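Here is a short report on how the parts of one protein chain pack together. Look over the sequence and the structure first, then read on.

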Amino acid sequence: MQLPAGKALTVRGAADAFHDALGNPNTVRNYAIGVGKTAERVGEGRPLGQVADEEIGEAFEALWGSTAVNTWNARRAAVLSWLSWCAERGFDGPEVPAGAKRLTPPDSETPARSKMAIDRLIARRDVHLRKKCFYRML
């Protein structure tokens, strides 16, 4: 994709060019949430090179600071991909600050079955073979 040379690329222009470069419509739809809202928050008409790293971090906190861990990680990944894409093409712009790091998802509350309990289920004659196979895979 050829972008205009000699002009300052705006935040919205960079976001649109990034979305146009993505091939999969599902990826575009998912990334549009994180990139679009971040672009709105930092100012769509501003030159991308004038946006500071801290502004990206502040946008993350304001937009997704109280959301679920997986939502935070998905939006962060979308914006990180966008800004990396811009940097690879030589456009000046911010980076995702170190303070906006990927969060570790909490442990699942689903209880794990012991190997002995699974072996007992598999040994039962009243359990069909399909279920035994499923239990073993789990």
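The structure is a predicted model. Its largest nonpolar core holds 24 residues, and those that touch the most other members are Val11, Ile56, Phe60, Val79 and Trp82. Four helices each supply at least two residues of this core: H1 (11-21), H2 (25-42), H3 (53-64) and H4 (69-88). The most comes from H4, which gives seven residues.

**Where H1 meets H4**

How do the axes of H1 and H4 cross? They come within 10 Å of each other, at an angle of roughly 95 degrees. H1 is therefore roughly perpendicular to H4, because angles of 65 to 115 degrees count as roughly perpendicular. On the H1 side, the contact is made by Val11, Ala14, Ala15, Ala17, Phe18 and Ala21. On the H4 side, it is made by Ala78, Ser81, Trp82, Trp85 and Cys86. Sorted by type, the residues of this contact are ten nonpolar, one polar and no charged.

**Aromatic rings**

A pair of aromatic rings is described by two values, the distance of the centres and the angle of the planes. The count in this model comes to four aromatic pairs. One of them joins Phe60 and Trp64, with 6.0 Å from centre to centre and 50 degrees between the planes, and this pair is tilted. Phe60 and Trp64 both lie in helix H3, four residues apart, which is about one turn of the helix. Both Phe60 and Trp64 are buried. Elsewhere, ring pairs link Phe18, Tyr31 and Trp85 into a cluster.

Phe60 also has contacts beyond its neighbours within four places in sequence: Thr38, Gly65, Trp72, Arg75, Arg76, Val79, Val96 and Ala100.

**Single residues**

| Residue | Relative accessible area | State |
|---|---|---|
| Thr38 | 0% | buried |
| Asn73 | 8% | buried |
| Trp85 | 10% | buried |
| Arg124 | 39% | partly exposed |

Thr38 lies in helix H2. Leaving out residues up to four places away in sequence, Thr38 touches Ile56, Ala59, Phe60, Leu63, Trp64 and Val79. Thr38 counts as buried because its relative accessible area is 0%, and buried means under 20%.

Asn73 is found in helix H4. Which residues does Asn73 touch, not counting residues up to four places away in sequence? They are Arg102 and Leu103. With a relative accessible area of 8%, Asn73 is buried.

Trp85 also has its place in helix H4. The C-alpha atoms of Trp85 and Lys101 are separated by 19 Å, and the two residues are 16 residues apart along the chain.

Arg124 lies in the loop between helix H5 (115-123) and helix H6 (129-137). Is Arg124 buried or partly exposed? Arg124 has a relative accessible area of 39%, so this residue is partly exposed. Arg124 and Leu48 are 76 residues apart in sequence, and their C-alpha atoms are 65 Å apart in space.

Definitions and conventions:
Residues are numbered from 1 along each chain as its sequence is written. This is a predicted model: local features need pLDDT of at least 70, side-chain atom pairs count only at pLDDT 80 or more; totals for chains, interfaces and linings use all residues. Side-chain values use heavy atoms; hydrogens and water are left out. A nonpolar core is a set of buried Ala, Val, Leu, Ile, Met, Phe, Trp, Tyr and Cys residues joined through side-chain atoms within 4.5 Å. Buried means under 20% relative accessible area, exposed over 50%, partly exposed in between (1.4 Å probe, protein chains only). Contact means heavy atoms within 4.5 Å. Rings of Phe, Tyr and Trp (its six-membered ring) pair if their centres lie within 6.5 Å; planes under 30 degrees apart count as stacked, over 60 as edge-to-face and the rest as tilted. Axes are lines fitted to C-alpha atoms, for helices over the stretch in contact, and angles run from 0 to 180 degrees between N-to-C directions. Angles under 35 degrees count as roughly parallel, over 145 as roughly antiparallel, 65 to 115 as roughly perpendicular and the rest as oblique. Ala, Val, Leu, Ile, Met, Phe, Trp, Tyr, Cys and Pro count as nonpolar, Asp, Glu, Lys and Arg as charged, and the others, Gly among them, as polar.
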